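Trainee: I have a new model on my screen. Please show me how to read it.

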Amino acid sequence: MGEEKTELAAEDQVENLQKKLPADEVLYDLAELFKYFGDSTRIKILYALLEADELCVAEIARLLDLTQPAISHQLRILKSGKLVKFRRDGRMVYYSLADEHVRHIISQGMEHVEE
């Protein structure tokens with residue numbers, strides 16, 4: 001009888017979890033979001049923007065010792081993922097983290113790897 005209760009409890013748990021799982025489309029979008037974090041250059045850019053709040057392409061390129069076209073390419077990818085935003089000031093374009101969610105993801109990730 002005890003085994004039967006355990007099986008029923010496990011079945012109930014599975015059913016409850018199935019109800020809580022987000023739709024496949026939502027989980028796909030989440031997986032896509034994390035792909036943006038899968039490149040060390042993009043992580044460096046995001047971390048630099050976390051620390052500096054706002055930088056132009058030339059500043060990021062100098063900081064990371066990369067070419068401006070390489071940085072621009074990565075920033076386009078980050079923009080498409082809605083992880084960075086930009087503002088124009090004359091001919092200059094300044095980049096920053098898109099919102100507090102991105103700041104939180106980077107900060108939490110750093111805390112996790114430093115444990």
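Mentor: We go from the whole chain down to one residue. This is a predicted model: local features need pLDDT of at least 70, side-chain atom pairs count only at pLDDT 80 or more, and totals for chains, interfaces and linings use all residues. Residues are numbered from 1 along each chain as its sequence is written, and side-chain values use heavy atoms, with hydrogens and water left out.

Trainee: How many helices and strands are in the chain?

Mentor: Helices (H or I, at least four residues) and strands (E, at least two) are DSSP runs, numbered from the N terminus. This chain has six helices and three strands. Along the sequence their pattern is α-α-α-β-α-α-β-β-α.

Trainee: Is the chain spread out or compact?

Mentor: Compare the radius of gyration, taken over C-alpha atoms, with the globule rule: 2.2 Å times the number of residues to the power 0.38. Here the radius is 21 Å, well over the 13 Å that the rule gives for 115 residues, so the chain is more spread out than a compact globule. Its C-alpha trace spans about 75 × 30 × 20 Å along the principal axes.

Trainee: Now one residue. Is glutamine 74 buried or exposed?

Mentor: Buried means under 20% relative accessible area, exposed over 50%, partly exposed in between (1.4 Å probe, protein chains only). Glutamine 74 has 11% relative accessibility, so it counts as buried. Of the 115 residues of the chain, 24% are in the buried class.

Trainee: Where does glutamine 74 lie, and what does it touch?

Mentor: Glutamine 74 sits in helix α5, residues 68-80. Contact means heavy atoms within 4.5 Å. Leaving aside residues up to four places away in sequence, glutamine 74 touches Asp39, Thr41, Arg42 and Ile45.
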